[in-house]
Amino acid sequence: MKSEEVFIVGANGQLGTALRELYPNARSADIDELDITNKASVEGFDWSGIKAIFNAAAFTNVDGAETAEGRKASWKVNATAVAYLAEVAQKHDITLVHISSDYVFDGTSDLHTEGEDLAPLNVYGQSKAAGDIAVSLAPKHYLLRTSWVIGKGNNFVLTMKSLADRDITPSVVADQIGRLTFTDTLAAGIQHLVDSEAAYGTYNLTNAGESVSWADIAKVVYEKAGKSADDVTPVTTEEYYAGKEGIAPRPLKSTLSLDKITAAGFTPKDWREALDEYWQTIEETN
Ligand SMILES: NC(=O)c1ccc[n+]([C@@H]2O[C@H](COP(=O)([O-])OP(=O)(O)OC[C@H]3O[C@@H](n4cnc5c(N)ncnc54)[C@H](OP(=O)(O)O)[C@@H]3O)[C@@H](O)[C@H]2O)c1
């Protein structure tokens, strides 16, 4: 698909930024130009010439979604707005690419396949699960489930690097297990599905490789930052959140099966290799 035929929504987020880099001539908008929760704006938008909408917009503040305001905001962006986009996609014969999360599952299986029953544990996950259902209103849709996203923006790797640079010795949860997903891998996977005209439907897409804990990843980041892995103390989720209010319950096992996306011809690289490349880019920009 040509760049000019793509419209990127939520363009200033981590994934939106990577998509804009991959599709330099795409049209794009963030909330200030097109608020996807505004039905009239979505319906009245000039969709002529657009063959695919890439929806990178989301309410991603997992604990924030547990508040009264956050609950409304996350449902608006992650669920209701997806139905609006699906409606215009259907009306204008546009392919809708939407992104979802491992948080739609309860995290009890070691490996989540695309067909697993939805069983979200927190408000963010519930609103994302509703979005998964809404996107299927668009006949031509790709629903991509991903986990632990790292790109340009606030993310776990940059947070750990910042702590390491300041000689802070953090406690990090060691019982949530999954794999990182770098936004350039996610964007490349989206491009592959669209360009190869893969069957519409749901695909998991994360980086490949060993499933590890947040603490394991923090230790790798500390070593990359020239510090000791021992500066990171592994703790349980329960220990980490003890005494804190308003914390969303989180799934413990987040690894998504990559069999389907691989069978569709896209092989995501190992997260460790992707982290090496990411590290080079952040060192170059500092
Ligand atoms: N981050 C993760 O670890 C993770 C894990 C699994 C799945 N995902 C999913 O992956 C996708 C991309 O995540 P990400 O990390 O790139 O998210 P992100 O960095 O938080 O970006 C989301 C973008 O959406 C924009 N947005 C919010 N409300 C909007 C609205 N009403 N209309 C238009 N734009 C709006 C945000 O703008 P403001 O900043 O101005 O609000 C922001 O630019 C999301 O669907 C997310 O649910 C993320």
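A nonpolar core is a set of buried Ala, Val, Leu, Ile, Met, Phe, Trp, Tyr and Cys residues joined through C-beta atoms within 7 Å. A residue is buried if 20 or more other C-beta atoms lie within 10 Å of its own, exposed if 12 or fewer, and partly exposed in between, with C-beta atoms placed from the backbone. The model is predicted: local features need pLDDT of at least 70, side-chain atom pairs count only at pLDDT 80 or more, and totals for chains, interfaces and linings use all residues. Residues are numbered from 1 along each chain as its sequence is written.

**View 1. The largest nonpolar core and Ile53.** This core holds 80 residues, of which Ile8, Ile53 and Phe54 touch the most other members. Its greatest contribution, eight residues, comes from helix α3 (residues 68–91); helices (H or I, at least four residues) and strands (E, at least two) are DSSP runs, numbered from the N terminus. Beyond its neighbours within four places in sequence, Ile53 is in contact (C-beta atoms, placed from the backbone, within 7 Å) with Phe7, Val9, Leu85, Ala89, Ile94, Leu96 and Val97.

**View 2. Surroundings of helix α1.** Seven of the nine residues of α1 (residues 14–22) are buried, so this helix is largely enclosed by the rest of the structure. Gln14, Leu15, Gly16, Thr17, Ala18, Leu19 and Arg20 are the buried residues, and they pack against β1 (6–9), β2 (27–29), β3 (52–55), β4 (95–101), β6 (149–150) and α6 (183–195).

**View 3. Leu22 of helix α1.** Leu22 belongs to α1 and is partly exposed, with 19 other C-beta atoms within 10 Å. Leaving out residues up to four places away in sequence, Leu22 touches Ala187 and Gln191. Leu22 and Ala188 lie 166 residues apart in sequence, with a C-alpha to C-alpha separation of 7.8 Å.

**View 4. Packing of α1 with α6.** The two axes come within 9 Å and cross at roughly 60°; axes are lines fitted to C-alpha atoms, for helices over the stretch in contact, and angles run from 0 to 180 degrees between N-to-C directions. Helix α1 is therefore oblique to α6, given that angles under 35 degrees count as roughly parallel, over 145 as roughly antiparallel, 65 to 115 as roughly perpendicular and the rest as oblique. From α1, Gln14, Leu15, Ala18, Leu19 and Leu22 meet Thr183, Asp184, Leu186, Ala187 and Gln191 of α6.

**View 5. Packing of α5 with α7.** Helices α5 (residues 156–165) and α7 (residues 214–224) pack at about 55°, with axes 9 Å apart. Phe156, Val157, Met160, Lys161 and Ala164 of α5 make the contact with Trp214, Ile217, Ala218, Val221 and Tyr222 of α7.

Notes: Contact = placed C-beta atoms within 7 Å.
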